[in-house]
Amino acid sequence: MNVFPDLHLEDLRAEVEPKALGRQLGERDRPMLDAVEDQGQAKISQFIAQKKNEAVQLRDERLTEIDKGLAELDHPLLPGALESVTQQALAEFGDVEQRHSDDLRNDLQEWRKRREDFLDFKEENGISREPDYHSTIRRWVGGGGLFVLLLVESFLNAGFLAEGSEAGLFGGWAVAIGFSAVNILAPFGLFGPLSRYVRHVRLSLKVAGWACLSAWVGLALLLNLGLAHYREASEALADDPDAEMVTRLLAQPLGMETAASWLLFVLGLGFSVLAFYEGWKFWGDSYPGYRGVHVRMSEAREQHEDLRAEAADELKEVRLKWLAKAEETLDRARMQPAETRRLLKSEGDLVSAFDDHMEQLRNFGVALIEEYRVANHAVRSDRAVPASHAEPWEFVPPSPHRVRGSEPRLVDESSLARLQAEHLEAVRALNAQWEAAQQRLGLAGQNPGSENAPS
């Protein structure tokens, strides 16, 4: 066991330099012949004592670790360990139920209410299809597209209207922006949404929807035909282009004389149709109010499903946590005999290695002291042996290590068999508690609105 650092006499000799120390003191006839203490020997003894104390500290640290490991291995032998796991799991399952029970019940009731509202709306309005409306992203794309469309139409109209206009491009832009705003924003924000009432079951709303649709058709034709005639009147440098436009529009509505005017009319009418379609779809399903009840139902269901998923995840985490605890307890019991024997062998090897280390340190200490004394005697002027060198150098033994009062217990086969049976029972109980908690919270079914879900 390579626990303690290897000792080499050459390394120790290089650190304390016993011969140099002996000569240095011997040249001064130190120590005195009748002196009881020798500072040179004391320096070497302190060096050896330091190495000894380091080894003692390391030995005691390792013995403490072994004792801790042996103490931990005794835990699986405590009676009721797996029963305690089951009880703690039951308490934690109860905490999860308590936290989520009321919220799940309230959210389920809200979802069912919203679903009934949705079904009632379909029945009252004679709707058999699913809602069809733009998503949030699609609405943003459509709104942005209309803004671009407004700029494009204004740019095209300004270019056409600037030809022959006394105000030039500025005047063309002023008229173009006004026409484009009415041509695009009116069908998008007013006529498109209101025209959806042509599909309503109530006659009054249906008539209002048809009236709104007819108004848009008339406005779109009148506006874009008038714009085309206004361009031709401006190009002809009429004294009063507005009056000329009205005259042409009343006399020959489709009597545009240039391709540019026809192009202006077709583009304007096309842009108005696109704006009308976006207005029809942007504000919801083609049937007014259908989107609202569907969105409220969907949001209630999503909220309930999110809470169900959260509660299910927490229950699963509790189950896996305590199943792992039970498995860990059983595994520790299974490995206890072999691990205990390994630790006891490690302890024996440690003590044996420590004793060998101390014996080696003692031998090296004797050798260093002898080298110091020989070098000291060789250079003394009195050629005498000091009284402190008369006796052999003594190595102070280390403090004894702790002695265990009793041997650690080993798990026998009968105890392990009982623990395995308790483990099976604990696993069964944990799974049963998990399934019961799911059932009580209404998490067993896939459909939160199913009739099996608790009210």
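This is a predicted model: local features need pLDDT of at least 70, side-chain atom pairs count only at pLDDT 80 or more; totals for chains, interfaces and linings use all residues.
**View A. Ring pairs link F118, F121 and Y290 into a cluster.** The structure holds 6 aromatic pairs, among them the pair of F118 and Y290, whose ring centres are 5.6 Å apart with planes at 5 degrees, so that the two rings are stacked. Because F118 belongs to helix α4 (residues 81–124) and Y290 to helix α10, this pair ties together parts that are 172 residues apart in sequence. F118 is itself buried, with a relative accessible area of 5%.

**View B. F121 is stacked with Y290.** The ring centres of F121 and Y290 lie 5.9 Å apart and their planes are at 10 degrees, which makes this a stacked pair. Since F121 lies in helix α4 and Y290 in helix α10, the parts joined here are 169 residues apart in sequence. F121 counts as buried, at 16% relative accessibility.

**View C. Helix α2 passes helix α10 in a right-handed crossing.** The axes of α2 (residues 18–26) and α10 (residues 290–379) come within 7 Å and cross at roughly 35 degrees. On the α2 side the contact includes P18, L21 and L25, which, with other residues of that helix, meet a set in α10 that includes L368, Y372 and V379. The residues of this contact divide into 7 nonpolar, 3 polar and 3 charged.

**View D. The charged end of R319 sits over the ring of W434.** The distance from this charged end to the ring centre of W434 is 4.3 Å.

**View E. K52 lies over the face of F395.** Here K52 is placed at 5.9 Å from the ring centre of F395.

Conventions:
Residues are numbered from 1 along each chain as its sequence is written. Side-chain values use heavy atoms; hydrogens and water are left out. Axes are lines fitted to C-alpha atoms, for helices over the stretch in contact, and angles run from 0 to 180 degrees between N-to-C directions. Helices (H or I, at least four residues) and strands (E, at least two) are DSSP runs, numbered from the N terminus. A crossing is left-handed if the near helix is turned anticlockwise from the far one by less than a right angle, and right-handed if clockwise. Contact means heavy atoms within 4.5 Å. Ala, Val, Leu, Ile, Met, Phe, Trp, Tyr, Cys and Pro count as nonpolar, Asp, Glu, Lys and Arg as charged, and the others, Gly among them, as polar. Rings of Phe, Tyr and Trp (its six-membered ring) pair if their centres lie within 6.5 Å; planes under 30 degrees apart count as stacked, over 60 as edge-to-face and the rest as tilted. Buried means under 20% relative accessible area, exposed over 50%, partly exposed in between (1.4 Å probe, protein chains only). A charge sits over a ring if NZ of Lys or CZ of Arg is within 6 Å of the ring centre and within 35 degrees of the ring normal.
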